[in-house]
Amino acid sequence: MAAIVAVVSQKGGAGKTSLARAIATAFAAAGWQTEIADMDIDQGTATAWQQRRLRAGTEPTITVRQFGNPEQAISKAGSCDMLIFDGAPKASKATAVMAKAADLVIIPTGLALDDLEPAVALANALVDRDGVPVARIVFALNQTGTSALEIEEARSYLNKTRFDVLDGEIPKKPAFSRAQDAGLSLIETPFKGPREQAAQVIRAAVARFESLTA
Ligand SMILES: Nc1ncnc2c1ncn2[C@@H]1O[C@H](COP(=O)(O)OP(=O)(O)O)[C@@H](O)[C@H]1O
Ligand SMILES: [Mg+2]
């Protein structure tokens, strides 16, 4: 059976698709047969990105398929080693199904309370309502500004919860949006500084996955 990482959030625009693609490229580069289950059937953002990637001939190749429900994705995942759920825009019943099936659940969030509060509410609901183990859920800071104070305050807000925050943060930068426009992932941007920042977060996610599945 494939390992499963679910990237989910309460809100649209938090960075689910971006993180799902970055994690997928990290596992694929390490030799895992990796598939993204694009649960955003209206927009198919991961699917369109894969088409740009294929057109550019970028390696490693990632399979992306759209699914209307997570059960379908899981039952069809037999041929891959790693299934990455790119969650639908908003949390729904399917979010709980993905989270319960996942070895690791990643909730991306920005720094503002408008982002942090729904992220924490979702994590709490996944544990208290759906029985997902606390250790399987982590936050990832994405689309951050440049204020070190704001980053520190967001981290300290999240540190007061039961959940861990992945090391590092991914700033909002054209280096990332333009890379994704070209079919690359956050960790494949040609700009070294941003690439290393994204890589720190993705390495932390991979390390968490490894510790949970060891
Ligand atoms: N770190 C970043 N820097 C710049 N743009 C980003 C970054 N992360 C995400 N984006 C952009 O923000 C938008 C929302 O991100 P996305 O990953 O699609 O979120 P979601 O899947 O949660 O809706 C997209 O246009 C994406 O390209
Ligand atoms: Mg998306």
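1. The largest pocket has a volume of about 400 Å³. A pocket is found on a 1 Å grid over the protein atoms alone: it is an open set of points where a 1.4 Å probe fits, with protein on both sides within 12 Å along at least five of seven lines. Grid points are joined across faces, edges and corners, and the volume is the space filled by probe spheres set on them. Why roll a probe over the atoms? A probe the size of a water molecule shows where empty space is left.

2. A word on the source. This is a predicted model: local features need pLDDT of at least 70, side-chain atom pairs count only at pLDDT 80 or more, and totals for chains, interfaces and linings use all residues. Residues are numbered from 1 along each chain as written, chains are lettered from A and ligands numbered from 1 in written order, and side-chain values use heavy atoms, with hydrogens and water left out.

3. Now the lining. The largest pocket is lined by 24 residues (each with an atom within 4 Å of a grid point). G13, G15, S18, Q143 and Q180 lie nearest its centre. α1, β6, β7 and α7 each give two or more residues to this lining. By class, the lining has 7 nonpolar, 12 polar and 5 charged residues. Gly counts as polar here.

4. What takes the space of the largest pocket? Ligand 1 does. The elements giving two or more residues to its shell are α1 (16–29), β6 (137–144), β7 (164–171) and α7 (174–181). These are DSSP runs, numbered from the N terminus: helices (H or I) have at least four residues, strands (E) at least two.

5. The shell around ligand 1 holds 16 residues (a heavy atom within 4 Å). The closest are G13, K16, T17, S18 and P171. The shell divides into 4 nonpolar, 9 polar and 3 charged residues.

6. Look at the atom pairs. A polar side-chain atom of S18 lies 2.7 Å from an oxygen atom of ligand 1. For Q180, a polar side-chain atom is 3.3 Å from a ligand 1 oxygen. P171 uses a backbone N or O atom, 2.8 Å from a nitrogen atom of ligand 1. The protein covers 78% of the 550 Å² of accessible area that ligand 1 has on its own (Shrake-Rupley method, 1.4 Å probe).

7. The second largest pocket has a volume of about 200 Å³. Of its 20 lining residues, A14, T109, G110, L111 and D115 are closest to the centre. β5 (104–109), α5 (113–128) and β6 each supply at least two residues. The lining has 7 nonpolar, 10 polar and 3 charged residues.

How values were computed. A polar contact is a pair of N or O atoms within 3.5 Å; within protein, one must be able to donate a hydrogen and the other to accept it, and residues adjacent in sequence count only if both atoms are side-chain atoms. A molecule sits in a cavity or pocket if more than half of its atoms lie within 2 Å of its grid points.
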